[in-house]
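Subject: Model handover

Hello,

Please find the model below, with its sequence.

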Amino acid sequence: MSISFDQHQDVIKLLKISSGFTSENGDPRFKKIIHQLLGDICRLVEQYDISAEEFWQAINYLHTLGGRQEAALLAAGLGLEHFLDLRDDQREQAQGLTGGTPRTIEGPLYVANAPLSEGFARMDDGEDAGELMWLQGQVNDADGRPLADAVVDIWHANTLGNYSFFDKSQSDFNLRRRVKTDANGRYRVRSIVPSGYGCPPDGPTQALLNRLGRHGNRPAHIHFFISAPGHKHLTTQINLNGDRYLWDDFAFATRDGLIADPVKITDPAIVAQRDLPGAHTEVSFNFSLYPTTDDEEQQRIKRARALQD
């Protein structure tokens, strides 16, 4: 039954008090945000005649979501993290910035302080008998000039779609490395070809997706943070072409310009040059960074992560 929300003086008074409008203390902008949020929730309850039992089911869902630490996973799955990328894209377009490497979501599985190497790193610990991968590329500025000493922070899943730190069966920082580019802006990595993954089937994110009739799968991908002094920090990831979920990523991270073509390398000369044990998959990807004098833009955004710097 409707209580004529917009005209009901008791509700209007309630929201003003609960949002702090009757207090001189607090953050004025934050008060406005909470007031609108609470009002929108009340309107939603009224519009869909949400019962008290349904309301408390939603509250209990939030308890479960936090207990499983899947809030960031759900934000990606509902497209909210991608929405933030689209807003930042629009800001850059308004500034006349074009041609840089596209950004895309960070996801919830980054771990700070991975080992730092010069020019080259081996990422895998040798325990996963996955397909050998040689990952390489160059970091350039907006004019195509190579950026020496840029830091390429890389992380990806193993062949089961699991990430070290969260998967306790893996060694510390397995498949996680930072590589400082050489004088020509180049980085090179030996690793294994990652697999995509799905949301935990018994978790709250997948439970919500089930209610929406959606899957929770991601294609095979590799995450990157790219940073260099005087340039905007880039958060991105590349997807490997040929994956069945390439354009059906539940986290909406696939973007034009972020698809890499795996190439099979069997040439013995190349194998020997790279000091690899045999044939392997080559993945090449270059990055282009925008210039900035803003210190904050040169850093990754602040958010809760598994390990902080």
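Glu131 is partly exposed, at a relative accessible area of 35%; buried here means under 20%, exposed over 50%, and partly exposed in between, with a 1.4 Å probe and protein chains only. This is a predicted model, in which local features need pLDDT of at least 70 and side-chain atom pairs count only at pLDDT 80 or more, while totals for chains, interfaces and linings use all residues. Residues are numbered from 1 along each chain as its sequence is written, and side-chain values use heavy atoms, with hydrogens and water left out.

Salt bridges

Glu131 forms a salt bridge with Lys264, with 2.1 Å between the closest N and O atoms. The pair links distant parts of the chain, 133 residues apart: Lys264 is in strand β10 (residues 263-265), and Glu131 is in the loop between β2 (120-122) and β3 (132-140). Lys264 is exposed, at 56% relative accessible area.

A salt bridge is counted when a side-chain nitrogen of Lys or Arg is within 4 Å of a carboxyl oxygen of Asp or Glu. By this rule there are 18 salt bridges. Helices (H or I, at least four residues) and strands (E, at least two) are DSSP runs, numbered from the N terminus.

Another salt bridge joins the side chains of Asp88 and Arg91, at 2.5 Å from N to O. Both residues are in helix α5 (residues 80-94), three residues apart, so about one helical turn separates them. Asp88 is partly exposed at 28% relative accessibility, and Arg91 is partly exposed at 40%.

Arg145 and Asp141 also form a salt bridge, their closest N and O atoms being 2.8 Å apart. Asp141 is buried, with a relative accessible area of 8%.

Nonpolar surface

Leu78, Leu80 and Leu212 make a nonpolar surface patch of about 280 Å². Leu80 is placed in helix α5. Patches are made of residues with over 30% relative accessible area and no salt bridge, like charges being joined within 9 Å and nonpolar side chains (Val, Leu, Ile, Met, Phe, Trp, Tyr) within 5 Å. Accessible areas come from the Shrake-Rupley method with a 1.4 Å probe, and for residues only the protein chains shown count as cover.

Ile301, in the segment after β12 (287-288), is exposed, with a relative accessible area of 59%. Ile301 and Tyr163 are 138 residues apart in sequence, and their C-alpha atoms are 21 Å apart in space.

Regards
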